[in-house]
Amino acid sequence: MIALTDANNFYVSCERVFNPRLEGKPVVVLSNNDACVVARSNEVKALGVKMGTPLFEMRWSATGPEGPSLVHEHQTQVFSSNYALYGDLSRRVMEVLGQFTPEVEVYSIDEAFLGLAGLSCEMVAHHMRLMVKQWTGIPVSVGVATTKTLAKIANHQAKQQGGVCVLQEPEPVLAQLPVSEVWGIGRRLTQRLEAQGITTALHLQQADLALIRQLLGIVGVRTVLELRGVACLPLERCPQPRKSCGVSRGFGRPVASLAELKQAIASYGATAAAKLRRDHRVAQSLQVFITTNRFHPQKPQYANSETIGLPYPTHDTLTIVRAALGATERLYRPGYTYHKAGVMLLDLSDGAICQGGLFRDETRRERVGRLMVAVDSLNRRFGDGTVRWAAAGLRQEWKMRSEWRSSRFTTRWDELVVVR
């Protein structure tokens with residue numbers, strides 16, 4: 001049997017751990033730059049607010065911008081994303097889950113698959129849920145079934161029936177579940193299936209495999225087999241190394257000058273390079289993109305990107321930032337106000353076995369490597385941004401908005417919770 005443990009409204013639950021007064025109140029967490037809703041409490045869902053709703057729409061009423069807003073009328077509590085807090089609480093939740101079984105696959109920041117072979121599934125599921133809540137303050141739902149796909153469906157049921165669901169006979173549940181709700185079946189694939197009269201998960205389970213292979217390929221066949229209780233997706237206890245690494249942000253205010261745009265790109269490139277070194281990876285190429293605000297169609301629009309090959313695989317900030325700034329100069333067009341930019345590092349490989357270069361200066365490489373180790377060590381010890389690259393600027397007035405971010409209670413000494 002396989003369990004899927006999913007934290008309920010995870011970002012909202014993290015905010016409530018250190019602010020119990022938020023219990024029972026409508027709460028939303030916003031995306032980067034305080035733009036759109038990325039997490040909703042059940043109270044907000046009941047108001048009809050959809051995932052991805054822009055904040056400015058929540059400030060309007062149903063009758064228009066002149067009426068009372070969803071924020072003020074219902075006293076909705078609004079928070080900026082606090083990824084340092086969410087990431088640390090996620091780590092703590094996963095550590096608690098590891099107390100029950102060594103077979104844990106961390107699927108996302110708030111989800112994990114667990115192998116429960118030889119265990120009393122329902123008892124363990126209830127104990128797991130209680131312990132995670134007691135030790136971390138995060139409420140979770142646990143769905144148990146014979147395959148990952150069925151465990152996803154069981155977890156969906158668990159959220160509606162007390163937090164735990166062991167799916168022994170899936171057919172009655174599959175008969176009520178739209179095919180679009182099956183894990184891995186997106187909107188485009190749903191249209192293909194519905195055109196063949198396959199509208200529910202039960203229809204998909206009972207479908208002819210030859211037809212499914214024609215419509216959805218081998219991945220769709222695996223999904224059907226999983227719905228039939230045949231495990232095709234094993235637990236991945238060792239996560240696959242990432243193939244790309246990126247940093248992109250919306251600006252806190254429109255950026256028109258090349259100088260400020262280059263500061264942002266340098267900052268993002270340095271952050272991405274630090275991520276590479278943390279994961280012991282190197283990049284062979286990078287992509288830089290810039291774009292204006294598509295939500296303001298009345299203003300001139302422009303978006304472009306450039307992909308650059310690096311001379312050799314590297315995680316050296318100096319090399320990555322220099323290449324990114326060169327691309328930014330070529331992409332920039334005057335007369336536009338830019339809303340967002342980013343740097344993607346591509347073609348990643350293991351830093352310990354990367355290909356060298358015939359004309360590469362090994363002495364300089366070793367010297368720069370020691371510099372990167374020193375910079376990373378200082379930033380880990382004294383906090384991010386202790387040592388910064390001059391190209392990223394000092395004032396950074398373009399930096400994204402984060403007006404309603406709560407304290408980073410578990411990762412910053414100067415932001416520890418105060419109890420009176």
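Are Asp376 and Arg277 buried or exposed? Asp376 is buried, as is Arg277 (buried, under 20% relative accessible area; exposed, over 50%; partly exposed, in between; 1.4 Å probe, protein chains only).

The model is predicted, with local features requiring pLDDT of at least 70 and side-chain atom pairs pLDDT 80 or more, while totals for chains, interfaces and linings use all residues. Residues are numbered from 1 along each chain as its sequence is written, and side-chain values use heavy atoms, without hydrogens and water.

**View 1. Salt bridge between Asp376 and Arg277.** The side chains meet at 2.7 Å, N to O (salt bridge: a side-chain nitrogen of Lys or Arg within 4 Å of a carboxyl oxygen of Asp or Glu). Asp376 belongs to helix α14 (residues 362-382) and Arg277 to helix α12 (residues 258-278), 99 residues apart (helices are DSSP runs of H or I, at least four residues, and strands runs of E, at least two, numbered from the N terminus).

**View 2. Salt bridge between Arg330 and Glu306.** The N to O distance is 2.8 Å. Arg330 lies in helix α13 (residues 317-331) and Glu306 in strand β11 (residues 303-314), so the pair ties together parts 24 residues apart in sequence. Arg330 is partly exposed at 46% relative accessibility, and Glu306 is partly exposed at 21%.

**View 3. Salt-bridge network of Asp88, Arg91, Arg92 and Glu95.** Within this view, Arg92 and Asp88 meet at 2.9 Å, N to O. The two are four residues apart in helix α5, and therefore separated by about one helical turn. Arg92 is partly exposed at 34%, whereas Asp88 is buried at 10%.
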